[in-house]
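Subject: Handover of a structure and its findings

Dear colleague,

Please find below the structure that I am handing over to you. My findings follow directly after it.

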Amino acid sequence: MGLSPARRLAFKVIKRVREKQSYAAEAMQSALVGANIDPRDKAFATRLAYGTIATRGTLDQLVATELSKPEATPDDLKDALALAAYELFFEKTEAYVVVNQGVELAYFATNSKTYRGLANAVLRRLSEKREKLFPGGDPETDLNAAATLYGHPLWLARLMEDQYGAKRAREMMATNNEPAPLYVAQLPFLRSEKQSLAALEAAKVGYKSAGVEGAYQILDQAKFWAMPAELRASFVAMDLAAQQVVDLVKAQPDQQLLEVGSGRGTKSLVMAAGARRRGGPAQIVGLDLYEFKNQVALRTAQSYGVREARYLTIDVKKQSAYERLEKGLLTGGVRPSFDSVLIDAPCSGLGTLRRGADKRWKLSPDDLIALAKLGSRMISWSAALVKPGGRLFYATCTIATVENQSVIERFLATAAGKEYEVEPFTESEVAPPFVDALGKDGFLNILPSSGGPDGHFCARLKRKG
């Protein structure tokens, strides 16, 4: 029996992610282009590739127990053994299939018969010890075993348990290994909401209202992405928790709104849509460090005929940032004083791990501290741009307290923070799925849920005066 097409394709993706530091999704799409294999094999390859990449650290640790010199093992062979180990431990594939296909994969990966014997020996020993090695204890009481069972770094499993308790930590780790649901925001610029939903129905795309204004969950993702681009353009993919954050800004006609860290402008567009639903356009400005992202955001806004959104390239860490902002705003007739400022802070993304297969193994606790410092810099810089009585929103897609609540607490203790007070979110403001995410501190702390939204955090501060 030769190597299956699905495993061959999955290996190519895994190797590309390692060699090129590519994102898993991009590597998968690249590999699928021109791949002449059965759709079922494509689906299996996708599951194998994403699963192996997501649990790679755990797999390498398990494989290393049966290698005399792990550091001397060729990288391509490590990729092949990790893929086989994923099938053995996480997919629960029959041991004889794993060994057979793993040996074939080792030869395909290295083009050397020498490593067929090594792969055979390693995989046989792993299969014999499967029950002992995996997860290596009771995952209900042993955090090491839980981290192994769900393929997470131990430091991350400990962070989750310390902050949210053992039960919730294990639920989140399990969720991180599931496929992500698809939520979309309806944009009323080209078609009305009624017309947009009629297009979904005509394409037999299953959907349901998700509770936030203009938000829908797509039940048949394949049919949605198969729709003609011009019909699909009435929607933008955006997690429901992220849509809830934008909805809390409650953009109103004629308001001046600023998004700091606007990226490709998705939240800005949804804010613009919200203002129009409430009666007319708002003046929206997006700031980002990267010019290419601003160009994408501008082109997208123009394609919808959204003239009320503009984008500026500004590094808030530089001394000249205020001057550049003021100059850029005045050329467009906008005053540097905003009704609301939304900070979409760069973060670790620990609330969205199921959307980034390799992210959990690229992060360290030091990264969280560095990102928290950047968040503090952004909120301190942005605070001066909110008019008296205006609101400052701080949002992330992480579950780590150090990047969320701690940033707000530090800011409120500063001289600039003394001008602000927490304005707690209320049950009447949030969609039913998020009522339980309201904390006693007044913040919204959404945790990733199985079959539901990602993890997001949002705090609202009101400037005194």
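Arg-116 is partly exposed, with a relative accessible area of 26%. In this model, which is predicted, Arg-116 belongs to helix 7, the run of residues 114–128. Once neighbours within four places in sequence are set aside, Arg-116 has contacts with Val-103, Glu-104 and Tyr-107. Leu-77 lies 39 residues from Arg-116 in sequence, and the two C-alpha atoms are 9.8 Å apart in space.

Glu-131 is part of helix 8, which covers residues 130–133. With a relative accessibility of 68%, Glu-131 counts as exposed, because the term applies to values over 50%. Between Glu-131 and Phe-89 there are 9.1 Å in space, C-alpha to C-alpha, and 42 residues in sequence.

Salt bridges

Side chains of opposite charge can pair when their charged atoms come close. How many salt bridges does the count come to? The total is 31 salt bridges.

One of them joins Arg-355 to Asp-239, with 3.2 Å between the closest N and O atoms. Arg-355 sits in the loop between strand 8 (338–344) and helix 19 (359–362), while Asp-239 sits in the loop between strand 4 (235–237) and helix 15 (240–249), so this pair ties together parts that are 116 residues apart in sequence. Arg-355 is partly exposed at a relative accessible area of 41%, whereas Asp-239 counts as buried at 9% relative accessibility.

Asp-315 and Lys-317 also form a salt bridge through their side chains, at 3.1 Å from N to O. Here Asp-315 has 17% relative accessibility and therefore counts as buried, the limit being under 20%. Lys-317, with a relative accessible area of 48%, is partly exposed.

A further salt bridge brings the side chains of Glu-429 and Arg-460 to 2.7 Å, N to O. This pair links distant parts of the chain, 31 residues apart: Glu-429 is in the loop between strand 10 and strand 11, and Arg-460 is in strand 12. Elsewhere, salt bridges with shared partners connect Lys-15, Arg-18, Glu-19, Arg-56, Asp-60, Asp-75, Asp-76 and Asp-79 in one network.

Pockets and cavities

Rolling a probe the size of a water molecule over the atoms shows where empty space is left. The second largest pocket holds about 270 Å³ of space. Its lining consists of 13 residues, and those nearest the centre are Val-17, Arg-18, Ile-53, Arg-56 and Asp-358. Arg-18 and Arg-56 are also members of the salt-bridge network described above. At least two residues of this pocket's lining come from each of helix 1 (5–20), helix 4 (56–64), helix 5 (75–91) and helix 19.

Two cavities of 30 Å³ or more are found when the whole structure is searched. The largest cavity has about 130 Å³ of space. It is lined by 17 residues, of which Glu-213, Asp-247, Val-270, Gly-274 and Arg-277 are the closest to its centre. Strand 1 (182–186), helix 15 and helix 16 (266–277) each give two or more residues to that lining. Which element gives the most to the lining of the largest cavity? Helix 16 does, with five residues.

Packing and surface

Helix 21 spans residues 405–412, and its buried residues are Gln-405, Ser-406, Val-407, Ile-408 and Phe-411. What do these buried residues pack against? Their partners are helix 20 (365–383), strand 9 (386–396), strand 10 (420–422), strand 11 (444–446) and strand 12 (456–463). Strand 12 is also the element that holds Arg-460, the partner of Glu-429.

Phe-292 lies in helix 17, which runs over residues 291–303, and is partly exposed with a relative accessible area of 46%.

With kind regards

How values were computed:
Residues numbered from 1 in each chain as written. Predicted model: local features only at pLDDT ≥ 70, side-chain atom pairs only at ≥ 80, totals over all residues. Heavy atoms only, no water. Buried < 20%, exposed > 50% of the residue type's maximum accessible area, 1.4 Å probe, protein only. Helix = DSSP H or I, 4+ residues; strand = E, 2+ residues; numbered from the N terminus. Contact = heavy atoms within 4.5 Å. Salt bridge = Lys/Arg side-chain N within 4 Å of Asp/Glu carboxyl O. 1 Å grid on protein atoms, 1.4 Å probe; cavity = no way out; pocket = protein on both sides within 12 Å on 5 of 7 lines; lining within 4 Å. Points joined across faces, edges and corners; volume = space filled by probe spheres on them.
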